[in-house]
Amino acid sequence: MSKKPYKLEARNLNAYYGGFHALKDINIAMEEKAVTAFIGPSGCGKSTFLRTLNRMNDYIDGFRVEGDILLDGRDIYNKDIRVDELRKEVGMVFQKPNPFPKTVFENVVYGLKIQGIKDKKVLAEAAESSLRKTALWEEVKDKMDKSALALSGGQQQRLCIARALAISPSVVLMDEPTSALDPISTAKIEELIYELKNDYTIVIVTHNMQQAGRVSDQTAFFYMGELVEYAKTKTMFTSPKHERTQNYITGRFG
Amino acid sequence: MTNSELNRFKDKAFQGFGIFCTFIGLIVLAIFLINILIDGLGRIDWEFLNNLPSRRAHRAGIYTAWIGTLWILVLSSVVAFPLGIAAGVYLEEYGKKSRIANFLEVNISNLAGVPSIIYGLLGLEIFGRVFGLGGSLLTGALTLALLMLPIIIVTTREAIKAVPRSIRDASFALGASKWQTIWFQVLPASFGGILTGVILALSRAVGEAAPLIVIGALAYVPFAPTSPLDEFTVLPIQIFNWISRPQAAFATNAAAAIIILLLITFILNGIAVYLRNKWQKKVKW
Amino acid sequence: MRVQERIIEGLLWLSAVITIFVTVGIIWVLLSESLTFFSEVSVLDFLTDKQWTPLFAEKHFGILPLVAGTLLTTAIAISVALPIGLTIAIYLNTYAPAGFRATIKPMLEILASIPTVVYGFFALTVVTPFLQTFIPNLAGFNSLSAGIVMGIMIIPMISSLSEDAISAVPKSLREGAYGMGATRFQTAFGVLVPAASSGILVSIILAISRAVGETMIVAIAAGQQPRLTANPLVPVETITTYIVQVSLGDVPHGSLEYRTIFAAGITLFIFTFALNNLSFWIRKKYQEKYD
């Protein structure tokens, strides 16, 4: 297998919440069009790290970052980078499905509308293609004008993924996207992630070890703000280098 | 009686007293409403609503008063709604935790406790004299707008606070700016709550007499106002004026005008309660 | 886009800051007019003279009768509203079923939403004649019926704020009391009320502040005779009524008589400002205690 180029890279990254040192000297490089999973116990920094990748932590008081995060080789914390432009490039899906209390259609096209796109045809086409990508189109094509809150939890989460895809990002961040869903919906989302990696670079935070094993190409194990181990998923799960990783994977703590 | 029987008796007795207290206010209110209806309902007819004020009770009407009330409500809303909502948005979304925001918060809760008649003194001097607007509708409306501000600000903040973080996160993650997120997501999602506050502020303003008397609104205005710079009267002042007269026929007029005023107040409050319930039911996060 | 965001934030900021101008405006208006007033009338006279007759030929400028009228009507109102309001709060919280509480609370709020001029009419035309049937020497204008009606108006203020305070008492305390076999009555008065005392105190202070500043009820039903008395059966005049009385007359602007309303106004403002800040302070202290 030929080595893919790096899409996202963190160099000597440190992050702080006020006086709390949340991420310690993280160095990691993520491949393009691959799935990277972040695992680790609660509070280990994996979600914090994920949220630095699209600067979602900017709004938190007292949060600051040192070091570099490179997207296609450009530092996203550079002054020239506009956060809204960055987020069009790096989409995000959250732990709990969080559709807007609006129609299904309005949800999908929101990202395009705020970019100033008003053409109804363009919006409708974008909505259909994003919903098809998330295998939701057949289920909701007759409910486009209904409230998104009326969909099931699994459908809502796929709608949130479609919403993120509608603005054509190259990276999609997923913060425990199935933790609030039932097993069947979870399976659908995992299947979806597997397909999406043909077109997108995906970073997923998960609590669920089997999920990391099923969907990811690379896995990073975080512990107490440090990146303990980063390797091919298969390697990590069969022969972890560090004892802590071993203990976590086998369920001895976490 | 044993000790435990005594305790149980006290418990039951207090329960009875509690029910009594809960209903006493409402019963008194009901007695009063029935009284007013008996006194005033027969007086309300088309002419009462459309007649100008008069020195003779049976010919006097509330035309100038309700037109004045309508003007005041519209004008003060135009000023107070955007200002109050904007201030609420600022405090909740932008100014959090800064020192000035803290100060603003204390200041607003203080303003909410300032008696309405003091706002009248403010309006009399600032709008009436410094701005030279005299005892006009505009002076009255601006004065009431200031009175409504704290109510609107506080309810706007509460409504915005109820919008969950996840909605903002989703919007930011799609590349929306702060204002886009507020405008497209936060405000629509909190619209019901804000509207409730706005209507409650209106219902408060519609019943105010004291500050308007102080700024120089007149009890006797021969013609209905046609511009914001005209002199005016409002329903509560008209009622006050009729109550102050010794003749019984004017008391009947007052009762009739009170029915109209209460009707407006209850309708406004009813809408507010309805919206609050509907909004609470509809949105489940 | 960024410039637009900045402009919007600036406008929002301006709207919020306007509230500071309102406060500054109130204080400036009250101070500037009353300072001129106090250049002609000594503060000592204002605070100690027992007569208030600025509109008569023989002028006295003692605020005490107006303060007395205000405090008397307020005291009557609180002695009606406090026991009833607090009982309602306890009853709704510990005795009443949740559904009943949910329907009765908004109904009680109606009491607070009725225009005060309507309450004034009620006091004058219903309560006073009713009371006169068994208090024959009750004057037509008196602080008793004005105070009682004002009390009814502020019942929901005390009941709902106190109920909030009682609800905020940690569940463990309540369950602890029930667990020892205490009745609801014993739990309420032995545990809940003491634990919620600061919140209840805040509700009382805010109710006092509301009653002190109330205008139309007393202007209609309590009379317009400044009188240093504690007798609830005779006409009195409150600070607020005096301001209304002068506003309705034709006192020329800039005269000493005109400035009296600002001197009265600043007295009223100091009272309510002190009460509001006291409640604010208690609330803050109380929050820290539970956090």
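At 41% relative accessibility, A:Arg64 in this predicted model counts as partly exposed, a label for values between the buried range, under 20% relative accessible area, and the exposed range, over 50% (1.4 Å probe, protein chains only). The partner of A:Arg64 in a salt bridge is A:Glu66, with 3.3 Å between the closest N and O atoms. Here a salt bridge is a side-chain nitrogen of Lys or Arg within 4 Å of a carboxyl oxygen of Asp or Glu. A:Glu66 is partly exposed as well, its relative accessible area being 36%. Over all chains, the structure holds 26 salt bridges.

Residues are numbered from 1 along each chain as its sequence is written, while chains are lettered from A and ligands numbered from 1 in the order in which they are written. Because the model is predicted, local features need pLDDT of at least 70 and side-chain atom pairs count only at pLDDT 80 or more, whereas totals for chains, interfaces and linings use all residues; side-chain values use heavy atoms, with hydrogens and water left out.

Two further salt bridges can be followed on the structure. One is formed by the side chains of B:Asp11 and C:Arg184, at 3.1 Å from N to O. B:Asp11 belongs to helix 1 (residues 3-40) of chain B and C:Arg184 to helix 8 (residues 184-195) of chain C, so this pair joins two chains. Helices (H or I, at least four residues) and strands (E, at least two) are DSSP runs, numbered from the N terminus. B:Asp11 is buried at a relative accessible area of 7%, and C:Arg184 is partly exposed at 23%. In chain A, A:Arg132 and A:Glu138 meet through their side chains in a salt bridge of 3.8 Å, N to O. A:Arg132 is partly exposed, with 44% relative accessibility, and A:Glu138 is exposed, with a relative accessible area of 53%. Salt bridges with shared partners link A:Glu128, A:Arg132, A:Glu138 and A:Lys141 into one network.

Of the 285 residues in chain B, 58% are buried. Contact means heavy atoms within 4.5 Å. Among contacts in chain B between residues at least 6 apart in sequence, 74% connect residues at least 24 apart.

Helix 6 (residues 137-161) has 25 residues and reaches 35 Å from its first C-alpha to its last, close to the 36 Å expected at 1.5 Å a residue; the expected span is 1.5 Å times one less than the number of residues. In helix 6 of chain B, a kink of about 35 degrees lies at B:Met148, shortly before the proline B:Pro150. The bend at a residue is the angle between axes fitted to the seven residues ending there and the seven starting there. Since 20 of its 25 residues are buried, helix 6 of chain B is largely enclosed by the rest of the structure.

Helix 8 of chain B has 29 residues, yet its end C-alpha atoms are only 36 Å apart, short of the 42 Å that a straight helix would reach at 1.5 Å a residue. This helix bends by about 60 degrees at B:Phe191. Helix 8 of chain B is also largely enclosed by the rest of the structure, because 21 of its 29 residues are buried. B:Thr181 sits in this helix (residues 178-206) and is buried at 1% relative accessibility. The side chains of B:Thr181 and B:Ser171 are joined by a polar contact of 2.9 Å. A polar contact is a pair of N or O atoms within 3.5 Å; within protein, one must be able to donate a hydrogen and the other to accept it, and residues adjacent in sequence count only if both atoms are side-chain atoms. Not counting residues up to four places away in sequence, B:Thr181 touches several residues, including A:Tyr110, B:Arg168 and B:Phe172.

B:Ala217 is found between helix 9 (210-215) and helix 10 (235-243), and is buried at 6% relative accessibility. B:Ala217 and B:Glu231 are 14 residues apart along the chain, and 6.8 Å separates their C-alpha atoms. Leaving aside neighbours within four places in sequence, B:Ala217 is in contact with B:Leu212, B:Phe232 and B:Ile237.
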